[in-house]
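Visitor: I have a structure open and would like to talk it through with you. Could we take it piece by piece?

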Amino acid sequence: MTKETQLQVEAICNGTVIDHIPAHIGIKVLKLFEMHNTEERVTIGLNLPSSALGAKDLLKIENVFITEAQAKKLALYAPNATVNQIEDYKVVKKLALSLPETINGVFECPNSNCISHNEPVDSSFRLIQRGQDVRLKCKYCEKAYSRQIMTEL
Amino acid sequence: MANSLYQKHIISISELSREELELVVQTAGKLKAEPQPELIKNKVIASCFFEPSTRTRLSFETAIQRIGGDVIGFDNGGNTSLAKKGETLSDSVQVISSYVDAFVMRHPQEGAARLASEFTGGVPVINAGDGANQHPTQTLLDLFSIYETQGRLDNLNVAFVGDLKYGRTVHSLTQALAKFNNNRFFFIAPDALAMPDYICEELDDAGIQYSVHQEMESTMTELDVLYMTRVQKERFDDSEYAHIKSAYVLSAATLEGAKENLKVLHPLPRVDEITTDVDKTPHAYYFQQAENGVYAREALLALVLNPTL
């Protein structure tokens with residue numbers, strides 16, 4: 001299977017490979033890191049065959065290295081993705097994905113009566129993990145929502 | 001050393017430790033027994049009510065004046081430049097807080113007090129209710145009333161009756177009492193107004209005992225505190241309401257067999273969920289509870305504005 005993927009998406013010399021992104025999430029991840037506006041070469045694989053996921057998305061971004069903080073953000077979208085840092089065609093570092101404690105300025109609070117909507121502040125949520133379920137608790141209105149119902153600002 | 005509430009924002013009851021809750025309750029008891037009219041002399045407190053709330057506002061403003069502070073503010077946000085000229089809450093707060101030593105606020109939107117605390121430049125914010133979210137001083141006066149009548153805040157059997165789904169007072173009081181040892185809760189509500197799952201999960205995580213009931217009679221002989229709330233008619237259709245209502249009305253007859261020390265509390269206003277014949281029983285304590293709001297708020301303001309008392 002790995003061989004097939006390698007055949008489909010060209011290797012990069014330096015940069016970051018984000019693999020095992022669930023299908024249909026790749027474009028979101030691209031936007032999350034503002035990579036849709038970059039001048040660097042980005043290789044995007046959508047709906048690639050994957051033994052673990054059935055279908056997966058894959059991003060290869062040249063000359064850009066994902067920070068720990070960005071990896072934490074990524075965990076919210078693709079908790080089982082793998083992030084490899086590539087130098088001279090070799091994996092030099094694998095970033096472990098763990099959920100951030102808080103996430104600011106990414107999601108809109110689903111509570112329409114929450115003060116965060118009409119004031120000059122970033123939305124801010126604390127992450128609560130209960131088993132497989134991830135919930136986000138708004139710093140302002142203190143209501144907690146399932147990750148699935150959150151939408152980006 | 002300064003008390004731990006000194007200059008602290010009071011936004012959400014969950015942020016107060018058991019020791020801090022006890023400190024407020026004990027200070028309230030002292031101020032009730034022995035008034036101290038100069039505790040916050042020369043301090044100016046903003047009392048900003050962006051939505052009307054008669055009892056809470058009068059109670060706060062009485063508390064401020066009884067311990068020697070001065071009040072500025074408004075009782076209806078509709079008349080402020082915020083409403084009339086479209087100023088943001090953060091701008092209003094930034095300006096008003098520069099005039100005062102503490103900022104008491106009520107607002108119809110959830111999170112307003114937390115937001116305000118980010119724009120006061122360190123001036124402590126006291127949340128007097130933010131939408132359906134928090135109303136910490138109600139919980140403090142509830143705790144004070146329980147301590148005053150039971151002599152303790154642990155080893156208590158406490159029933160909550162009525163609207164447990166939307167009632168922020170019952171959520172906060174449950175969370176506060178959960179910080180003390182060996183309290184047991186009885187949740188008595190129609191299914192449609194049951195205690196939310198997230199509160200029950202918190203209690204489960206903390207290993208706190210509770211049970212769920214459809215009527216109050218069967219629990220009566222076990223209770224130390226009966227906390228009543230109103231089942232609002234608007235939440236049901238007429239026939240359903242008529243059916244449900246009677247199970248959640250407390251009358252003097254319902255109290256038969258209750259322990260001598262049982263006290264009935266209610267955040268008020270009451271409509272018809274406690275019949276007036278209960279008022280004359282030794283169990284009724286809701287009017288004293290409302291009066292205790294002044295002492296609890298005096299205590300909180302005194303602790304927030306004085307490093308030591």
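Predicted model: local features only at pLDDT ≥ 70, side-chain atom pairs only at ≥ 80, totals over all residues.

Visitor: How many residues of H6(B) are buried?

Guide: Of the 15 residues, 12 are buried, so H6(B) is largely enclosed by the rest of the structure. Among them are B:Leu140, B:Leu141, B:Leu143, B:Phe144 and B:Ile146, and the buried set also includes B:Asp142 and B:Gln150.

Visitor: And what comes just after H6(B)?

Guide: There B:Gly151 takes a positive phi of about 75 degrees. In the loop between H6 and strand S5 of chain B you also find B:Arg152, whose partner B:Asp224 sits in the loop between strands S7 and S8, 72 residues apart from it.

Visitor: Is B:Asp224 buried or exposed?

Guide: B:Asp224 counts as buried, at 3% relative accessibility, whereas B:Arg152 is partly exposed, with a relative accessible area of 27%.

Visitor: Changing topic, what is the area buried between chain A and chain B?

Guide: That area is about 1,400 Å², and carbon and sulfur atoms give 39% of it. On the chain A side, A:Asn113, A:Ile115 and A:Glu142 supply 36% of the area that chain A buries against chain B, more than any other three residues. The contact takes 15 residues from chain A and 20 residues from chain B.

Visitor: How many salt bridges are there between the chains?

Guide: The count between chain A and chain B is 6 salt bridges. By class, the side of chain A that touches chain B has 6 nonpolar, 3 polar and 6 charged residues. Over all chains, a search of the whole structure finds 22 salt bridges. One pair to look at is B:Glu201, in helix H8 of chain B, with A:Arg130, in strand S8 of chain A, so this pair joins two chains.

Visitor: What distance separates B:Glu201 and A:Arg130, N to O?

Guide: Their side chains meet at 3.6 Å. B:Glu201 counts as partly exposed at 23% relative accessibility, and A:Arg130 is partly exposed too, with a relative accessible area of 32%.

Visitor: Which residues are linked with them in a network?

Guide: The network of salt bridges links A:Arg130, A:Asp133, A:Arg135, B:Glu201 and B:Asp205. Within chain A, A:Asp133 forms a salt bridge with A:Arg135, the closest N and O atoms being 3.5 Å apart.

Notes
Residues numbered from 1 in each chain as written. Chains lettered and ligands numbered in written order. Heavy atoms only, no water. Buried < 20%, exposed > 50% of the residue type's maximum accessible area, 1.4 Å probe, protein only. Helix = DSSP H or I, 4+ residues; strand = E, 2+ residues; numbered from the N terminus. Contact = heavy atoms within 4.5 Å. Buried area = accessible area lost by both parts, 1.4 Å probe. Salt bridge = Lys/Arg side-chain N within 4 Å of Asp/Glu carboxyl O. Nonpolar A, V, L, I, M, F, W, Y, C, P; charged D, E, K, R; others polar.
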